[in-house]
Amino acid sequence: MKEKVVIVTGSSRGIGLAIAKSLAKAGARVVINSRSQERINEISSELQREGLNVIGVGADIQTKEGAEKLIEKATEKWGGVDILVNNAGINRDNLFLRMKEDEWEEVIKTNLNGMFHCTKASIRGMTKKRWGRIINISSIVGITGNPGQANYSAAKAGIIGFTKTLAQEFGGRNITANVIAPGFIETEMTDKLPEKIKEQMLGRIPLGKFGTCDDVAAMVRFLASEEAGYITGQVLVVDGGLAL
Amino acid sequence: MSVFEKMVELIVEKLGVEPGEVTPEASFIDDLGADSLDIVELIMDIEDEFDLEIPDEEAENITTVKQAVDYIEKNIK
């Protein structure tokens, strides 16, 4: 991981932050990102104080301009992007009958369009270097679906199809593209769920506990490594057995 | 440097062929060993190098070095 330049989108908290920290601790140079520059500056100073090689870029990756700004800043600072972790994601849960168009649009824009723009802006550099890693964070609900998450599960399933296509188009350039599908991970996003739902979920997890952000980060670290160079187009499920 | 000379440079860099192999008649795929992704990348390199935009419909018709050079010379700003 030494000296590799990594971008992790949506990394001011939760899974994204854990991924950024984990890769930085493994010796990577990491660009962290959130919509607000102020917020991301706070986090990046914190990580820098821990001795990690990190810069923060505030950019709205839903837009082409935002994504290009993010990749430009990384290139300015460190000369290019080796590993892109498309992590930025939001949820706007609602039963389908009640789901509003803007709840649909917003989720698709952040989770799917953001990934498109960031990948587009960074992959050409990887093809030139003949080395690259694209790691996209989906969700187990992209495979199983989930009541109340028609928008979120559609976006997360879209990530899987996108990634499998990239794996085929760019395999010849030594770029791998993989998906991680986390199950129930303890974050602010899942914290909002009613206790009853949480208990129900817990009952369905063979390992008997919720996952942590670090469980997901460990898988990212592996996929980003040289050792994972023969793995591409795959969906790696990190869910304690929830989907079995 | 002429457009042709510049093209030879781009192609040598992209496809790893010898400059002597890059003749005007050479076909990117049949003679220079390019695959479909190489062609797309080469078109993008040309766009950057000569500051033009080649629409997909036009790009499809560019299969030899000469066709690329002719297109560039006709459309260069």
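Because the model is predicted, local features need pLDDT of at least 70 and side-chain atom pairs count only at pLDDT 80 or more, while totals for chains, interfaces and linings use all residues. Residues are numbered from 1 along each chain as its sequence is written, and chains are lettered from A and ligands numbered from 1 in the order in which they are written.

Helices (H or I, at least four residues) and strands (E, at least two) are DSSP runs, numbered from the N terminus. In chain A, seven strands form an open sheet with parallel pairing, in the order β3-β2-β1-β4-β5-β6-β7. Two strands are taken to pair if DSSP finds at least two bridges between them. The edges of the sheet are β3 (54-58) and β7 (235-238) of chain A, each of which pairs on one side only. From one strand to the next, the twist averages 20 degrees. Helix α6 (residues 150-170) of chain A packs on this sheet and touches β5, β6 (175-182) and β7 of chain A. The direction of α6 makes about 160 degrees with that of β6(A). Axes here are lines fitted to C-alpha atoms, for helices over the stretch in contact, and angles run from 0 to 180 degrees between N-to-C directions. Contact between two residues means that their C-beta atoms, placed from the backbone, lie within 7 Å.

Within the sheet, strand β4 (residues 83-86) of chain A pairs with strand β5 (residues 132-137) of chain A in the parallel sense over four bridges. In this pairing Val85(A) stands opposite Ile135(A) of β5(A). The parallel pairing of β5(A) with β6(A) runs over six bridges, and the bridge partner of Ile135(A) in β6(A) is Asn178(A). β6(A) in turn pairs with β7(A) in the parallel sense over four bridges, where Val179(A) stands opposite Val235(A) of β7(A).

A residue is classed as buried if 20 or more other C-beta atoms lie within 10 Å of its own, exposed if 12 or fewer, and partly exposed in between, with C-beta atoms placed from the backbone. Six of the six residues of β5(A) are buried, so β5(A) is largely enclosed by the rest of the structure. Gly132(A), Ile134(A) and Asn136(A) point one way from β5(A), and Arg133(A), Ile135(A) and Ile137(A) point the other way. Ile134(A) is buried, with 26 other C-beta atoms within 10 Å. Leaving aside residues up to four places away in sequence, Ile134(A) touches Leu84(A), Thr119(A), Leu166(A), Ile175(A) and Ala177(A). Ile134(A) and Met115(A) are 19 residues apart in sequence and 10 Å apart in space, C-alpha to C-alpha.

In β6(A), eight of the eight residues are buried, so that strand is also largely enclosed by the rest of the structure. Both faces are covered, with Ile175(A), Ala177(A), Val179(A) and Ala181(A) on one side and Thr176(A), Asn178(A), Ile180(A) and Pro182(A) on the other.

Two helix pairs were examined. Helix α3 (residues 64-78) of chain A packs against helix α4 (residues 101-129) of chain A at an angle of about 40 degrees, with the axes 8 Å apart. That angle makes α3(A) oblique to α4(A). Angles under 35 degrees count as roughly parallel, over 145 as roughly antiparallel, 65 to 115 as roughly perpendicular and the rest as oblique. The crossing of α3(A) and α4(A) is right-handed; a crossing is right-handed if the near helix is turned clockwise from the far one by less than a right angle, and left-handed if anticlockwise. Lys64(A), Ala67(A), Glu68(A), Leu70(A) and Ile71(A) of α3(A) meet His117(A), Cys118(A), Ala121(A) and Ser122(A) of α4(A). These contact residues divide into five nonpolar, two polar and two charged. Ala, Val, Leu, Ile, Met, Phe, Trp, Tyr, Cys and Pro count as nonpolar, Asp, Glu, Lys and Arg as charged, and the others, Gly among them, as polar.

Helix α1 (residues 14-25) of chain A and helix α9 (residues 213-224) of chain A pack at about 50 degrees, with their axes 8 Å apart, which makes α1(A) oblique to α9(A). Their crossing is right-handed. The contact of α1(A) with α9(A) has nine nonpolar, two polar and two charged residues.

Glu3(A), in the segment before β1 (5-8) of chain A, has a positive phi near 70 degrees and counts as exposed, with 10 C-beta neighbours inside 10 Å. Asn174(A), in the loop between α6 and β6 of chain A, has a positive phi of about 60 degrees although it is not a glycine. Asn174(A) is partly exposed, with 15 other C-beta atoms within 10 Å.
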